[in-house]
Amino acid sequence: MVKKEKSDVKIGIRILEIVLFMYVFFPFRIKIMANVQAYLLYTLELILVVLFGAELWYNNLKKKWLYPLFLFFLIFLVLMAMTFILPIIKDTMDFSYFKYHFDVLKKMVVIFGLAYLCTDMHAFLKIFVCATTIYVLITTVMLIPSLHSLYSNLVVQGSSLNYEHLQTARFYTRIGLQGFSGYTWTFRCTLSVGICCCGYIMKDFNFSNFEVVFMGIVNLVGTFFYGRTGTIIACLCIFLTAVYQFFILRKGYLVVALLSIVLIMVFLFLFNLDYIQKNASLAWMFEGFLNVVQSGKFTTGSSSYIVNRMFVPMSTDTFFFGDARYTEASGLFYRGTDLGVMRPLLFWGVVGQIAYYMMPLTLLISIKRHLDRKHNIFFVTIMLCIFLGFELKGEINFEYCIMLLGMYFTIMKGFFTERVYIKVNRSKKLRM
């Protein structure tokens with residue numbers, strides 16, 4: 001009876017953790033309660049931050065843990081200061097990038113509090129993947145026309161798109177628990193697919209085969225819903241996993257399974273080709289594959305845009321020192337570029353750009369050192385693949401850094417949890 005009660009408590013705590021993760025990463029705000037929800041979240045997060053900080057202090061945090069964090073936040077704060085100073089010096093008075101940095105800083109504080117709920121990094125990643133999986137499943141339910149219409153008018157939208165646009169075929173699959181779900185959402189689903197791939201190879205991630213397959217497939221479907229860039233990168237992650245298993249682990253299970261699935265999917269796609277072409281939502285999802293059938297080339301509107309706007313013409317002065325502009329008066333990004341590799345470069349130049357990309361590398365290298373050495377290179381490969389793919393399409397660096405911070409904080413938490421566990425076991429043995 002006692003064991004059952006403890007089990008029920010654990011399940012209840014896990015559900016609360018998943019709900020909080022979902023609200024942090026996908027803050028679903030109902031219009032009439034938006035402000036109250038925000039205040040409640042920040043109050044709870046402040047409590048968690050204080051508790052985590054107290055735990056780190058009590059466990060005598062060693063300096064070696066602080067060095068990567070110190071370097072990361074030093075770079076971030078210097079760049080944040082530049083986003084405020086450069087517009088004044090260059091008289092552009094464009095503080096939109098500074099506001100963006102300030103929002104990111106708030107998210108970093110929130111992720112610190114969120115890390116307190118997790119015993120280690122593996123628990124953090126598992127809850128995150130559970131949260132994205134549930135989000136995609138809710139989106140699937142939202143495809144029901146009556147629910148889609150009702151909820152999209154009820155929730156605070158994270159986009160300037162009006163209600164009529166959200167009902168069109170192109171945006172119909174992008175309504176989730178948070179309302180409009182686009183580029184950042186497909187990034188999180190792709191990251192979850194990548195984490196599932198790592199869980200499949202790295203058994204110490206504590207993912208069962210069922211969890212890897214089920215949550216991986218659901219989040220892959222999520223990339224189809226929210227953005228096709230994520231679909232391509234997620235498929236690449238799965239392909240790399242199959243290659244790694246075949247050549248490094250000398251096992252061909254995944255290769256055989258993928259080949260079988262691809263053949264079945266190709267058959268179903270060709271068999272339903274006319275229906276897909278006539279359905280606007282499906283035609284948008286499978287645009288690249290439809291173009292392969294029609295012209296022999298895998299192209300989409302997004303891929304064509306990337307190729308055409310990869311390099312924005314700029315002067316030598318802009319390249320080295322930037323223009324201190326992030327947005328236009330119209331609200332669009334400066335010089336009309338949507339590429340993540342171009343926006344910071346146009347703002348503060350190549351020196352700031354180098355520092356900008358040092359932030360994720362600082363954390364990723366530190367995380368790699370604390371993983372199982374047998375497969376940590378695979379983990380880094382998947383993480384870099386996701387980062388580079390998304391940064392070429394849009395600006396994802398800060399969202400990526402927030403996830404890396406969560407991983408690093410929970411690695412610290414796991415170290416202290418393990419140390420306490422060892423102390424408890426030693427005391428038990430001495431008593432015996």
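This is a predicted model: local features need pLDDT of at least 70, side-chain atom pairs count only at pLDDT 80 or more; totals for chains, interfaces and linings use all residues.

Colleague: Okay, and how many helices and strands does the protein have?

Modeller: There are 20 helices and two strands.

Colleague: What about the surface, how much of it belongs to carbon and sulfur atoms?

Modeller: The accessible surface is about 22500 Å², and 70% of that belongs to carbon and sulfur atoms.

Colleague: And for contacts between residues at least 6 apart in sequence, what share join residues at least 24 apart?

Modeller: That share is 72%.

Colleague: Let's zoom in. How do the axes of helix 11 and helix 12 cross?

Modeller: They cross at roughly 140° and come within 7 Å. Helix 11 covers residues 228-247, and helix 12 runs over 253-271.

Colleague: So what do you call that arrangement, oblique or roughly antiparallel?

Modeller: Oblique, because roughly antiparallel needs an angle over 145 degrees.

Colleague: Which residues meet there?

Modeller: From helix 11 you get Ile238, Thr241, Ala242, Gln245 and Phe246, and they meet Tyr253, Leu254, Val255 and Leu258 of helix 12. By type, the residues of that contact are seven nonpolar, two polar and no charged.

Colleague: Switching to helix 15, which of its residues are buried?

Modeller: Gly288, Leu290 and Asn291, in a helix that spans residues 287-295. Those three cover an arc of only 160° around the axis, so they sit on the same side of helix 15.

Colleague: What covers them?

Modeller: The cover includes helix 12, helix 13 (273-278) and helix 14 (280-285).

Colleague: Now Thr410, buried or exposed?

Modeller: Buried: Thr410 has a relative accessible area of 0%, and the cut-off for buried is under 20%. Thr410 belongs to helix 20, residues 397-431.

Colleague: What is Thr410 in contact with, leaving aside neighbours within four places in sequence?

Modeller: Ala115, Cys118, Thr119, Asp120, Met121 and Phe124.

Colleague: Last one: where does Phe214 lie, and what is its relative accessible area?

Modeller: Phe214 is in helix 10, residues 209-226. Its relative accessible area is 37%, so Phe214 counts as partly exposed. Between Phe214 and Cys196 there are 9.5 Å from C-alpha to C-alpha, with the two 18 residues apart in sequence.

Methods:
Residues are numbered from 1 along each chain as its sequence is written. Side-chain values use heavy atoms; hydrogens and water are left out. Helices (H or I, at least four residues) and strands (E, at least two) are DSSP runs, numbered from the N terminus. Buried means under 20% relative accessible area, exposed over 50%, partly exposed in between (1.4 Å probe, protein chains only). Contact means heavy atoms within 4.5 Å. The arc is that of the directions from the helix axis to the C-beta atoms. Axes are lines fitted to C-alpha atoms, for helices over the stretch in contact, and angles run from 0 to 180 degrees between N-to-C directions. Angles under 35 degrees count as roughly parallel, over 145 as roughly antiparallel, 65 to 115 as roughly perpendicular and the rest as oblique. Ala, Val, Leu, Ile, Met, Phe, Trp, Tyr, Cys and Pro count as nonpolar, Asp, Glu, Lys and Arg as charged, and the others, Gly among them, as polar. Accessible areas come from the Shrake-Rupley method with a 1.4 Å probe; for residues, only the protein chains shown count as cover.
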